Amino acid sequence: MAVTTPPIAAETASAAGVPPVALWRLKGFPLIPVMILLFIAFVAIFADVLAPHDPQIGSLARRFRPPAWQAGGSMDYLLGTDHVGRDVLSRLIFGARVSMVVGITAVLVAGGIGTLLGIVSGYLGGWADQVVMRVTDTWLALPALTFAIFLAAIVGPSELNIIAILGLVYWTRYARVIRGEVLSLKQREFVRLAIVAGCSKRVIMWRHILPNVINSAVVLATLMLGVVIVTEASLSFLGVGVPPPKPAWGLMMADGKKGLMVGYWWLTVLPGICIMLMVLSANLLGDWLRVKLDPQLRQL
Amino acid sequence: MKQYIIRRVGYSLLSLFLLSLVIFLFVRVTGDPVSLLVEPGASPEDIENMRRQFGLDRPLWEQYWHFMASLAAGDLGQSFYYRTPVLELYFQRLPNSLLLAAVAMALSLLIGIPSGILAAVRVDGFWDSAGKIFALLGLSLPSFWVGLVLILFFSVYLGWLPSSGSGTPLHLLMPAFTLGWYFAAAHMRLTRSSMLEVLGSEYIKLARLKGLPEALVIGKHALKNALIPVITLAGINLVVMINVAVVVETVFAWPGIGRLLYEGITFRDFPIVQGVVVIGGAMIVLVNLLVDILYALIDPRIRLES
């Protein structure tokens, strides 16, 4: 797949005079967004090594230190400290891990449920289809954030709960799109031939339908990553997401709100910039994938 | 037509039924509902009394029947914190939410429609790109962050606008913009695509052939038709806005429904959380039904299709 081709390889390839097809495939490749995402992933993986301080332990003696370049800041705490004296940079670094883990797993959970139900309802049709689609309609009627808050208020805050909640809230978008695709795939020759050849329904859904809808699922997953991360941050901000003292970006902003009115800008602005970079990058990559991989989704 | 409406109403009722079932079951399956319904710090006898009072010792279907009966009677329970019925609290806060949503909607349309038209008329031009960036940011930025940054600039640094509360038109500006941006982005995108579609149609070509000035073609002939889907979306979004404003209302301490929901969460006031979600879901189901029926009335193709 063209997507996974590293950008550097593409550059050297063009210099070596590779057929223009390969270049066309990479046209408009969102290089910067992909690099940002890779960077965040790298930071998330090596957070233990990269973080200069413990993200959860601070000292009240050095609370509300401004970033290094402002008066009163020190190089020890490059991006300042928060209301209990924890290092902001270290918390941002570990926050990347929380966002990545929650974001990616939640998208996988949602994608798993949605794709499965989409295929089953699209292929089997009949009452299975009716049930899945009515449930989907109901799900979509609830504003996602409110629904997530409701669930979170019941089960209580924890990282695992958040993943389950986000998966439960967002599977419907996959189900809708995948079902639509399956409906048209069902009419295609290869599926009919598989039926004639005596394949069971399960084999057809698993072997013949699934590989053909994976593209759309990947596109949707990339686009959903941004939505899921913003929702996680919002839940954490409201106090029903990742529980403190874990360093999650949304939580950092909720804490930072306390220092906002006296001008401690770094506590809210910096985590927000991290979320923005990650979500923007995911959206730009998703947009590009959508156009490249799946012409049917272009109007989405 | 009659058949179509009956079927749509049937679907909506089914949706409402599923909605109530989901809410009812989630509360009971994920743990002991008494721990949610009882006030924090209650004694074991109180908990036992509560269990009997709410009928939680009875079979599940009986509980559901009771739940539905009280819902139908408009009884959403009583808030622990305020000691008043949830519905009363809801209606106290509703005007504030409506006001915020109305101003946010006005802002989002004022930004979204003109920029959408500009983008469609000059496809791939400067305004199109600028609009795309504006929309992308609007859809990507967490609204609570936008709110906090606005507070930082306009309240803390410049001191122009009040950072929280309500009462004057100035209080409305920042929350309305924060809430409206996301929707402005959606309205802009839809205006653009709908305008592009209309501009490609035969009657626009005719208008141009007649030699009408371009401003008249776009501003009068094309706009009228291009705005239909946008107005529909705006109608639905107005209801959505009331229900997703929780983050914005929390940031600006705006006393609306969202703030009520947030208070419900922080005070572990479960009846409020449940009530706000039930009413919100029902509102959206109803608006979708209205839109479907309205569309069927306007466009015979829809009601004949299925």
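Trainee: What makes a residue of chain B count as buried, and what percentage of chain B does?

Mentor: A residue is buried if 20 or more other C-beta atoms, placed from the backbone, lie within 10 Å of its own, exposed if 12 or fewer, and partly exposed in between. Of the 306 residues of chain B, 37% are buried. This is a predicted model, in which local features need pLDDT of at least 70 and side-chain atom pairs count only at pLDDT 80 or more, while totals for chains, interfaces and linings use all residues. Residues are numbered from 1 along each chain as its sequence is written, and chains are lettered from A and ligands numbered from 1 in the order in which they are written.

Trainee: Why is Ala253(B) called partly exposed?

Mentor: Ala253(B) has 14 other C-beta atoms within 10 Å, so it is partly exposed. Ala253(B) lies in the loop between helix H11 (246–251) and helix H12 (257–266) of chain B. Its phi is positive, about 50 degrees, although Ala253(B) is not a glycine.

Trainee: How many helices and strands does chain B have, and what makes a run count as one?

Mentor: Chain B has 14 helices and zero strands. Helices (H or I, at least four residues) and strands (E, at least two) are DSSP runs, numbered from the N terminus.

Trainee: Which residues make H5(B) and H10(B) meet?

Mentor: Two residues are in contact if their C-beta atoms, placed from the backbone, lie within 7 Å. On H5(B) the residues include Ala101(B), Met105(B) and Leu109(B), and on H10(B) they include Val230(B), Ala234(B) and Met241(B). By class, this contact has 14 nonpolar, two polar and no charged residues. Ala, Val, Leu, Ile, Met, Phe, Trp, Tyr, Cys and Pro count as nonpolar, Asp, Glu, Lys and Arg as charged, and the others, Gly among them, as polar.

Trainee: How many residues of chain A are in contact with chain B?

Mentor: 37 residues of chain A are in contact with 39 residues of chain B. The chain A side divides into 25 nonpolar, nine polar and three charged residues.

Trainee: What span is expected for H6(A), and what does H6(A) reach?

Mentor: The expected span of a helix is 1.5 Å times one less than its number of residues. H6(A) has 16 residues, and its 23 Å from first C-alpha to last is close to the 22 Å expected. Its buried residues include Val132(A) and Trp139(A).
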